[in-house]
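Thank you all for coming; please have a look at the model on the screen, and I will then take you through it step by step.

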Amino acid sequence: MVAGRNVPVLIGAVPLFTVTSLSLNEGYQVVRIAGSRLAQLVAPTTRTISVDAVLVGSTRLVVKKGLESLAMTSRALAAATAPLMNLAGIPVVCGMTVSLDMQITSLRFTQSNQKRDAVDVAITLEQVPRSSVSAIVGEALDMALAVGMVAVPSLSANIPIERQLGGTL
C-alpha cells in the first residue's frame with residue numbers, strides 16, 4: 001500500500017485500520033462448446049472477499065455495531081443504514097480491489113484473555129450484483145485502482161537477483 005500510511009479497508013462506511021489479512025476469491029463459469037470437447041470460460045460467477053481484522057481502541061464496539069448493521073439480512077433495514085444499498089450493495093474499497101455489489105454473509109467476533117481491549121473480527125462478503133450498471137461501474141473503479149497503484153510508492157521493493165540467490169557467485 002502507500003509507504004508510511006495506514007490506509008484503512010472500507011466496508012461500506014466502516015473503516016478497518018488493523019486488517020491482518022484480506023483474501024479475494026473469484027470463480028468463473030465454464031461452458032462446453034456445442035459438438036466439441038473444448039470448453040470456454042464465459043463469465044465470472046462468484047467473487048468472495050474474506051477479511052480478518054482487529055478492532056482496537058475505544059471505538060471498537062462502535063465499529064462492531066457498524067459491521068453488524070451492514071450485515072442485516074433485510075434489504076429494507078440495510079437500506080436504512082446505507083441508503084445506496086438498494087442500488088449497489090456494500091462497497092468494499094481496499095488496496096487490492098474496489099467491489100460495489102457485496103453483501104456480508106458471515107461475521108465472527110472473538111475476544112480473548114490475551115487481548116482484553118481488542119476484538120478480532122472475521123468477515124466474509126459475497127458479490128450480489130444488483131444491476132449491470134453497478135457491475136460496470138464497479139469494474140471501472142477496480143481498473144482505475146489497478147492503474148492508479150502503478151504510480152504509488154510501495155513498501156516492498158524488488159530484491160536484487162544476487163540477494164535472492166545468496167549473494168554473488
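Read from the N terminus on, the elements of the protein chain run β-β-β-β-α-α-α-β-β-β-α-α, and the secondary structure comes to 5 helices and 7 strands, where helices (H or I, at least four residues) and strands (E, at least two) are DSSP runs numbered from the N terminus. This is a predicted model, in which local features need pLDDT of at least 70 and side-chain atom pairs count only at pLDDT 80 or more, while totals for chains, interfaces and linings use all residues. Residues are numbered from 1 along each chain as its sequence is written, and side-chain values use heavy atoms, with hydrogens and water left out.

Of the 169 residues in the protein chain, 28% are buried, and here buried means under 20% relative accessible area, exposed over 50%, and partly exposed in between, with a 1.4 Å probe and protein chains only.

Let us turn to two residues. Which strand holds serine 99? Serine 99 is found in strand E6, residues 98-110, and because its relative accessibility is 1%, serine 99 counts as buried. Leaving aside neighbours within four places in sequence, serine 99 is in contact (heavy atoms within 4.5 Å) with Arg47, Ile49, Ile90, Pro91 and Val92.

Valine 137, by contrast, lies in helix H4, residues 132-149, and its relative accessible area of 38% is why valine 137 is described as partly exposed.
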